[in-house]
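Here is a short briefing on one protein chain. Look at the picture first, then read the points below.

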Amino acid sequence: MGKRKKSSRKPGPTRKKEPLDTTFTCLFCHHDKSVTVRLDRKEGVAQLVCRVCDQRYQSKVNHLTEPIDIYSEWIDAADAAQREEQIARRPVASSSRPVPPLASVEDSDDE
């Protein structure tokens with residue numbers, strides 16, 4: 001008893017790869033598609049530049065790095081700098097509690 005011969009199937013339709021964005025929205029001036037990322041894999045450096053406000057960021061890259069990775073690093077670095085700035089601005093001893101009034105001299109007469 002032999003098995004039935006399966007008919008050859010044609011390969012299914014290939015899914016199109018949607019390309020990742022290479023231009024992004026600036027964090028500082030909020031212009032759409034004003035930030036571009038240039039990857040120099042030979043030098044191992046990526047440069048991110050906003051064409052409107054001239055904001056810049058530079059990072060190291062490897063063979064797997066994509067422009068979206070550099071943009072994400074820039075967002076993380078900006079958030080970290082903002083948090084660090086807020087910590088530096090905090091007053092040393094601030095309290096929202098009211099200061100208790102001082103005891104008057106007249107109340108402590110025990111003589």
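The structure holds 3 aromatic pairs. Here, rings of Phe, Tyr and Trp (its six-membered ring) pair if their centres lie within 6.5 Å; planes under 30 degrees apart count as stacked, over 60 as edge-to-face and the rest as tilted. This is a predicted model, where local features need pLDDT of at least 70, side-chain atom pairs count only at pLDDT 80 or more, and totals for chains, interfaces and linings use all residues. Residues are numbered from 1 along each chain as its sequence is written, and side-chain values use heavy atoms, with hydrogens and water left out.

**Aromatic rings**

- F28 and W74 form a tilted pair, 5.9 Å centre to centre with 55° between the planes.
- F28 lies in the loop between β1 (23-24) and β2, while W74 sits in helix α1, so the pair ties together parts that are 46 residues apart in sequence.
- Y71 and W74 also pair: their ring centres are 5.8 Å apart and their planes are at 55°, so this pair is tilted.
- Y71 and W74 are 3 residues apart in helix α1, which is about one helical turn.
- One aromatic cluster is formed by F24, F28, Y71 and W74.

**Buried or exposed**

- Buried means under 20% relative accessible area, exposed means over 50%, and partly exposed is in between (1.4 Å probe, protein chains only).
- F28 is partly exposed, at 46% relative accessibility.
- W74 is buried, with a relative accessible area of 3%.
- Y71 is buried too.
- Of the 111 residues in the protein chain, 15% are buried.

**The nonpolar core**

- A nonpolar core is a set of buried Ala, Val, Leu, Ile, Met, Phe, Trp, Tyr and Cys residues joined through side-chain atoms within 4.5 Å.
- The largest one has 11 residues, including F24, Y71 and W74.
- At least two residues of this core come from each of β2 (35-40), β3 (45-50) and α1 (67-89).
- Not counting residues up to four places away in sequence, Y71 touches F24, T25, L27 and L48; contact means heavy atoms within 4.5 Å.

**The whole chain**

- The protein chain has 1 helix and 4 strands; helices (H or I, at least four residues) and strands (E, at least two) are DSSP runs, numbered from the N terminus.
- From the N terminus on, the order of elements is β-β-β-β-α.
- Take the contacts between residues at least 6 apart in sequence: 30% of them join residues at least 24 apart.
- The accessible surface comes to about 10800 Å², and 50% of it belongs to carbon and sulfur atoms.
- Accessible areas come from the Shrake-Rupley method with a 1.4 Å probe; for residues, only the protein chains shown count as cover.
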